[in-house]
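Let's work through a few exercises together, one step at a time. Keep the sequence and the 3D view open as you go.

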Amino acid sequence: MTFLTDPYIVFFVRWLHVMSGIMWIGLLWYFNFVQIPSMPKIPDAEKPAITKVIAPTALFWFRWAALSTIIWGLIQSWQLGYIWDALSLGFQTKSASHMSIGFGMWMGLIMAFNVWFIIWPNQQKVLGLVACPAEEKPKAARMALLASRFNTMLSIPMSYAMVAVHLR
Amino acid sequence: MNNPLQTLQGSIILGIVITVIVDLIVRYTF
């Protein structure tokens with residue numbers, strides 16, 4: 001087991017966590033800053049290029065990157081021995097850096113929950129990947145949009161809390 | 001006026017506000 005906390009393995013896990021996080025938040029920002037604002041400007045006849053081709057592929061990498069980020073991050077915090085103290089916001093050891101990373105971890109966990117249990121099920125309905133009555137589609141699209149916006153909002157303090165811990 | 005979360009600009013501003021609040025909590029708790 002000591003092999004798993006070898007400094008190089010710890011570094012390697014951090015690298016996997018950061019790469020997964022770039023894939024996840026990069027695609028989240030692509031959806032919010034590029035795809036969603038562009039949809040009204042695309043003629044209806046050309047919209048299937050987004051909804052049938054690009055969005056399903058982007059969503060595939062988006063949701064698996066979210067899961068990968070969470071798993072490597074939790075492994076990392078376990079390797080460094082602060083997983084429980086960080087998840088309890090540093091109150092066990094009165095550590096500001098554990099509180100900081102703990103805030104980031106909780107925001108990340110909430111975001112990953114949104115991806116898998118709100119955004120993805122609703123996007124499947126919107127994109128026609130699962131059967132859904134036409135009248136339910138606007139509600140599903142709205143839920144997916146709000147959860148995606150909420151995640152964009154949380155990505156700002158989440159990344160701050162994650163990175164700021166290294167300042168202390 | 002829509003809920004601020006429905007606009008991208010609103011969610012960015014709220015995100016920055018939450019960042020400052022989180023930073024102040026962490027900075028002055030311990």
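**Exercise 1: Two helices with a bend**

In α2(A), a kink of about 40 degrees lies at A:Ile54, shortly before the proline A:Pro56. The bend at a residue is the angle between axes fitted to the seven residues ending there and the seven starting there. Helices are DSSP runs of H or I with at least four residues, strands are runs of E with at least two, and both are numbered from the N terminus.

Before going on, a word on the source: this is a predicted model, in which local features need pLDDT of at least 70, side-chain atom pairs count only at pLDDT 80 or more, and totals for chains, interfaces and linings use all residues. Residues are numbered from 1 along each chain as its sequence is written, while chains are lettered from A and ligands numbered from 1 in the order in which they are written.

Task: find where α1(A) bends, and compare the span of each helix with the expected one.

Solution. 
- Step 1. Go to A:Phe31, where α1(A) bends by about 40 degrees.
- Step 2. Take the span of α1(A): its 32 residues, 7-38, reach 45 Å from first C-alpha to last, close to the expected 46 Å. That expectation is 1.5 Å times one less than the number of residues.
- Step 3. Repeat for α2(A), which has 32 residues and reaches 45 Å, again close to the 46 Å expected.
- Step 4. Just after α2(A), look at A:Gly81, which takes a positive phi of about 80 degrees.

**Exercise 2: How two helices pack**

Task: describe how α1(A) and α2(A) cross.

Solution. 
- Step 1. Two packed helices are described by the angle between their axes and the distance between the axes.
- Step 2. The axes of α1(A) and α2(A) come within 7 Å and cross at roughly 145 degrees. Axes are lines fitted to C-alpha atoms, for helices over the stretch in contact, and angles run from 0 to 180 degrees between N-to-C directions.
- Step 3. By class, this contact has 17 nonpolar, 9 polar and 1 charged residues. Here Ala, Val, Leu, Ile, Met, Phe, Trp, Tyr, Cys and Pro count as nonpolar, Asp, Glu, Lys and Arg as charged, and the others, Gly among them, as polar.
- Step 4. The buried residues of α2(A) pack against α1, α3 (83-87) and α4 (96-126) of chain A. Two residues are in contact if their C-beta atoms, placed from the backbone, lie within 7 Å.

**Exercise 3: One asparagine**

Solution. 
- Step 1. Locate A:Asn151 in helix α5 of chain A.
- Step 2. List its contacts, leaving out residues up to four places away in sequence: A:Leu28, A:Met111 and A:Asn114.

**Exercise 4: The second chain**

Task: how many residues does each chain bring to the contact?

Solution. 
- Step 1. Chain B gives 15 residues and chain A gives 19.
- Step 2. By class, the side of chain B that touches chain A has 9 nonpolar, 5 polar and 1 charged residues.
- Step 3. Chain B has 1 helix and 0 strands, whereas chain A has 5 helices and 0 strands.
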